[in-house]
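Please open the structure in the viewer and keep the sequence beside it.

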Amino acid sequence: MADDGLLLNFSLGGDTVLKPTTTKVKGGTWRDRLSARKIAASRKTPRDPNAPREENENATRNPNRIAVSSSRPVKRQRTDDHSTPSSSSHNHSQNQQNQSARPFVSSLFSKNPLPQTAEEPATKDGEGEDVDAKPTNAPLIDGLDTFTNLGLSESLAAHLLTKLGVKAPTAIQKASISQLLKEESDAFIQAETGSGKTMAYLLPLVQRLMTLSRASAQQDGTVVGKSASGEPIVHRDSGLFAIVLAPTRELCKQIAVVLEGLLRCAHWIVAGTVIGGEKKKSEKARLRKGLNILVATPGRLADHLENTQALDVSNVRWLVLDEGDRLMELGFEKELQGIIQKLDARQRPSRIPGVPAKRTTILCSATLKMNVQKLGEISLKDAIHVQADPADEDPEAKKNKDEDDAFRVPAQLKQSYAIVAAKLRLVSLTALMRRTFMRKGSVMKAIVFVSCADSVDFHFELFTRKLKAEEEADKKKETDSDDSGSDSSDEDGEDEPKEKKNSKAANEHGTVALATAFSNPTNPVMLHRLHGSLPQHVRTATLGAFARNREASVLICTDVASRGLDLPNVDLVVEYDPAFSAEDHLHRIGRTARLGRDGRALLFLMPGCEEQYVDILKRGYRDGGKALTRLNADDILKRGFGGNVQSQSKDWEVKTTDWQMDVERWAVDNPQYLEMARRAYQSHIRAYATHIASERHMFNIKELHLGHLAKSFALRDRPSKINVPGLRQSSSDAKKDFKAARTNAAGGQKRKAGDDDGDRPATAVSLAAQKMRAKMKEHMAGANEFNIA
């Protein structure tokens, strides 16, 4: 109302419509402006919920007419409706704690891929053939072929029979001894594993050295091999006559042991070894005294030929290359070429009568490959191919004499394979070992091959871990021992059994321990670990402990133990990780079923492309693979965790899952072992990608399920979260740690004889250590010694 009392009243009719105010959209692309206008329009004109929907509305929202379920999933009902907004943050944190404390549920038996090939039931005829298979690498028992008939002297043959217990030669020994004694031409010896190839070239070599002095022996009753004064003409000062090269240090040690046993009947012939990992000073002293036969690795021999003046090779007339294919695979081609060139350049006529004018080269291998042929072109000239007579191995093999036998398996070896999913690999290996060593005396020794050194260390710690009950018992013993007096401790030390003392000595290097995962009170199993990253003295001690052990024992190792090693009483070989080539597989399973003895081998494969590897396994059999059997993965778990294959209950699944969960908790609770598991997982994947090119389609890393594979290493993390910084410890660092631990155990550093006070300044110790390390690097730079990882 105005001051003048005039009242204004405005009314709008129903037909009058105000023009809406529109805000003009500016900036951006035309698509952005269009979407902004549509959004503004939809906000200004709300839709009537009671209005009927148009028919083409769904068409505009779903122009491709894709079938979509109209019903939305029902939301989970909240149980904390009484909670107030003020306590929402508290409830949120409590929910996070409950979620972290929620038990982890293992998915061990879910979403596992199924095998692509159907399992073929074994026939009764096939089983009978396996049982009645005649050994193909056993000594000949017909009595006609003896060592004396082959050309060996009576003293050497009698020594073989009385001292070494060798009554008759094998088929390859029969062929090689007669050939190498008659002719002086180069030879290539090829035979299956466990047939005695080491004795096949050592016996002719020793016999030729024993008869070198026959040309100068007098006919007035003097002993052959001795002069008129009674002293042998051939002795350690006569010079070096033969060199044997082997790819690994363990094989060199074994050849040296066999050679020393043969030379006990000819004590005037001296043999020695030069291998990587040993002290070069002691090796030089040994060479300076004089050797007649030298067993060496290529890297260390090349180093001594370059730097050691005491090594005289002018009289070398025999050169043996054992496991020639492995020598070429390990990158020793340059070293071998250098060795052969230096031997040719330094060869001189010998003053000893009976020494051949030219050198004889012998190449030995169980497999014939292209790199062996290349090595033969480098070292062999007009070589003779020496093979066992098929009639001596198997009378029925005459029909198949023309077949390719470059890859053959001993007939008495029972080989099988199991197709196991990636998540079930660890529990399947455990179940297999439990079943194998369930009864005492059923299996004496077993070897488990894995792909890398990190995997060896992880599985060794896993299978030898202490259970919770044992840890509590150890804690109680520690507390009781602390409370007890010194008198009782002295009495306990006197009454300590010898077995515990021996176990303490074996555990000195941390490579031998009780396998708690598959031991039982009636049959304890000792577990040994071996790989190339260990110091040489530790490798030698571990291998010797496994060979001398008369109780049940298992060796988990890499391919460092796959070539040429003759380990006694090995009944089972398990290839947990497939070999990198078919030839390596042949050498792995050749650690059992040696010299006519029985043996079993089992190979783990994963479903998918790895199943094609079975066709390669069948090629190694004379009958086309009929003797090759397949084991069911579920049966392995039932036997190991359930006890009865015919049982219909799922108790074995519960026990298997509980064991897997226990292992995963053990890895999570111990950061040291968790890092070890992650490192083993990464190294295994790297090693998986190193299969040879011809077999890489079977072991395709792109088809490898990394998440499932992590389960077999007791890991719960996603593959992208598994990361370990840094590299693994090298062999030199490991050697330093072993020395430091040994020094600490001895109570400090050693004192010299002239030192009154054992204290040395820290600066002097550090400078001495630096000088020693520099000197070691300088010496080791020239020798590219192979160290299998």
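Select helices H10 (residues 280-289) and H11 (residues 298-307): H10 passes H11 in a right-handed crossing, a crossing being right-handed if the near helix is turned clockwise from the far one by less than a right angle. Helices here are DSSP runs of at least four residues, and strands of at least two, numbered from the N terminus. The two axes, lines fitted to C-alpha atoms over the stretch in contact, are 12 Å apart at an angle of about 65°. H10 and H11 are therefore roughly perpendicular (65 to 115 degrees).

The model is predicted: local features need pLDDT of at least 70 and side-chain atom pairs 80 or more, while totals for chains, interfaces and linings use all residues. Residues are numbered from 1 along each chain, and side-chain values use heavy atoms, without hydrogens and water.

Next, display Lys280, Glu283, Lys284 and Leu287 of H10, which meet Arg300, Asp303, His304 and Asn307 of H11 (contact: heavy atoms within 4.5 Å).

Move on to leucine 567, in the loop between strands E12 (553-557) and E13 (570-575). Leucine 567 is buried, with a relative accessible area of 6% (buried means under 20%, with a 1.4 Å probe and protein chains only). Beyond neighbours within four places in sequence, its contacts are Ile447, Leu543, Phe546, Ala547, Leu555 and Arg591. The C-alpha atom of phenylalanine 546, 21 residues away along the chain, lies 8.3 Å from that of leucine 567.

Finally, select phenylalanine 518. Setting aside neighbours within four places in sequence, phenylalanine 518 is in contact with residues including Met433, Phe437, Phe463 and Val554.

Terms used: Axes fitted to C-alpha atoms, helices over the stretch in contact; angles between N-to-C directions. Parallel < 35°, antiparallel > 145°, perpendicular 65-115°, else oblique. Buried < 20%, exposed > 50% of the residue type's maximum accessible area, 1.4 Å probe, protein only.
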